[in-house]
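User: I have a structure open and would like to go through it piece by piece. Can you help me read it?

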Amino acid sequence: MSNQDYSVRQLLEMGACTNCQVCADVCPAVSASLDGQLSAIYRMKGLNQVLKGRGGFLSRLLGRKAPSSEEWKDFSNTVFRCTLCGNCEEVCPVGIHLKDLWLSLRQDMVHSGHYPKKINMIRDNLAEDRNVFAEDNEERAEWVDDMRDPPVDGYIREKADIVYFTGCTAAYFPVAQKIPIALVEILDRSNVDFTLLGKEEWCCGFPMLGAGLKDMFDTFKTHNLEALREKGAKEVLFACPSCYQMWREYYPDEFKISHATQFLTELIREKRVPLQELDLTVTYHDPCDLGRGAREFEAPREVLRSIPGLRFVELPQNRENCQCCGGGGNLEMVDAKLSAQIAKRKIEEILSTGADAIITSCQQCVRTMMTYVRRNKISLEVLDITQLVRRALRE
Ligand code: SF4
Ligand code: SF4
């Protein structure tokens with residue numbers, strides 16, 4: 001065991017925490033569970049203890065003990081029960097890069113052998129099937145067959161300027177598959193030259209980071225880059241903010257990358273998307289990775305404002321203060337109950353606006369909120385922004 005999973009900056013930042021507790025006040029895991037041990041400040045204290053305990057000869061001479069296996073277990077509980085929403089980092093007055101720290105900490109826990117068993121399942125699924133859900137990767141683009149009028153080539157073209165990278169959730173979950181279907185219908189209508197990668201699309205790597213399995217990432221990155229080069233692509237399009245964020249931060253700067261909200265904004269400005277009136281009141285949920293992560297708050301709002309007749313009300317907590325839906329950080333796999341508790345608070349906030357529908361721009365947010373709404377028979381429509389635009393397309 002060593003501290004090699006942390007950068008020098010991270011080791012320095014740990015000492016900067018002032019114990020102000022502001023991070024605990026905004027944490028969705030703490031608010032939903034009323035368990036202060038899930039907060040950033042608690043995790044920070046635990047991490048400092050761990051680092052001191054394994055500090056080598058001098059620490060042992062000073063009598064600092066390494067954590068017991070029971071203490072490790074408790075600590076692992078707090079480390080993996082976090083949605084990686086980044087709200088703690090947003091408010092931290094001393095500017096500690098907390099989200100990055102949580103990723104390094106998860107990697108440390110995996111290297112140290114203290115992690116939930118579910119992580120082994122995630123690792124095996126990715127190694128065997130190239131996606132996190134143990135689905136057949138050959139079937140990654142099978143959602144195309146569910147379209148009303150699927151093209152003969154299934155959108156797998158030899159060469160294209162733009163590759164639409166669908167992401168694992170949209171590829172395999174029926175609820176989320178409506179998102180790529182809506183997006184490709186809009187792209188067709190706007191005469192965009194694009195292709196899918198089909199079975200050559202492998203997981204973007206985001207679930208690996210969240211599971212502390214960054215060691216696996218290079219193989220996936222190399223494969224995805226090679227698949228894009230084969231297509232002669234200049235640009236990569238994502239409807240998933242986590243895939244988009246992954247490419248922004250961990251892939252080389254070789255292709256132009258766009259999130260669907262940015263791409264749609266451009267198409268609408270160029271008047272390539274004919275829109276008709278929609279009589280609907282909606283509110284908007286900023287996905288953590290697109291909002292706090294990529295700082296993209298305006299593009300989705302511009303898309304909403306461009307739909308005639310649509311009434312848009314903001315959530316009480318919006319933009320950088322938007323509360324997580326509960327679907328991030330692999331939390332659903334580790335603690336499905338906590339994920340649902342966070343979703344409950346999110347849905348209550350949405351209902352307080354009186355909107356007919358919640359619009360977001362993330363397949364995982366759609367899945368998490370839709371699951372809660374359906375299970376609890378709540379009358380609220382949950383839509384990705386691509387589905388909303390598809391609905392507004394003039395026939
Ligand atoms: S990332 Fe989000 S869920 Fe995790 S500790 Fe920070 S505020 Fe809480
Ligand atoms: S907000 Fe930052 S400084 Fe304050 S307790 Fe949390 S981590 Fe420490």
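**Strands, helices and ligands**

Analyst: Start with one pair of residues: Val282 stands opposite Phe312 in strand 6. This is a predicted model, where local features need pLDDT of at least 70, side-chain atom pairs count only at pLDDT 80 or more, and totals for chains, interfaces and linings use all residues. Residues are numbered from 1 along each chain as its sequence is written, and chains are lettered from A and ligands numbered from 1 in the order in which they are written.

User: How many bridges join strand 5 to strand 6?

Analyst: There are 3 bridges between strand 5 (residues 281-284) and strand 6, and the two run parallel. Helices (H or I, at least four residues) and strands (E, at least two) are DSSP runs, numbered from the N terminus. Two strands pair if DSSP finds at least two bridges between them.

User: What order do the strands of that sheet have?

Analyst: The order is 6-5-7-8, in an open sheet of 4 strands with parallel pairing. Strand 6 (311-313) and strand 8 (381-384) are the edge strands, and each pairs on one side only. Neighbouring strands of this sheet are turned by 35° against each other on average, direction ignored. Axes here are lines fitted to C-alpha atoms, for helices over the stretch in contact, and angles run from 0 to 180 degrees between N-to-C directions.

User: What holds strands together in general?

Analyst: Strands of a sheet pair through backbone hydrogen bonds, either parallel or antiparallel.

User: Back to this one. Which residue is the bridge partner of Tyr284 in strand 7?

Analyst: Ile359 is the partner of Tyr284. Strand 5 and strand 7 pair in the parallel sense over 3 bridges. Ile359 also stands opposite Leu383 in strand 8, and strand 7 (residues 357-360) pairs with strand 8 over 4 bridges, again in the parallel sense.

User: Which strands does helix 20 lie across?

Analyst: Helix 20 (residues 363-375) lies across strand 7 and strand 8, and runs at about 170° to strand 8. Contact between two residues requires their C-beta atoms, placed from the backbone, to lie within 7 Å.

User: Now the sheet with order 2-1-3-4. Which strands stand at the edges?

Analyst: That is an open sheet of 4 strands with parallel pairing. Strand 2 (194-195) and strand 4 (256-259) are at the edges; each has a single partner strand, so one side of each is left without a neighbour in the sheet. Strand 1 (residues 162-165) and strand 3 (residues 235-238) pair in the parallel sense over 4 bridges.

User: Switching to the ligands. Which residues come nearest to ligand 1?

Analyst: Cys27, Cys82, Cys85, Asn87 and Cys88 come nearest, out of 14 residues around ligand 1. A residue is near a molecule or strand if its C-beta atom, placed from the backbone, lies within 6 Å of it. The shell around ligand 1 divides into 10 nonpolar, 3 polar and 1 charged.

User: Which are closest to ligand 2?

Analyst: Cys17, Cys20, Cys23, Ile41 and Cys92 are the closest of the 13 residues surrounding ligand 2. Helix 4 gives the most to that shell, with 3 residues. The shell around ligand 2 has 10 nonpolar, 3 polar and no charged residues.

User: Last one. At what angle do helix 4 and helix 6 cross?

Analyst: Roughly 135°, with their axes coming within 10 Å. That makes helix 4 oblique to helix 6. The contact is made by Tyr42, Arg43, Gly46 and Val50 of helix 4 and Phe75, Thr78 and Val79 of helix 6.

Terms used. Nonpolar A, V, L, I, M, F, W, Y, C, P; charged D, E, K, R; others polar. Parallel < 35°, antiparallel > 145°, perpendicular 65-115°, else oblique.
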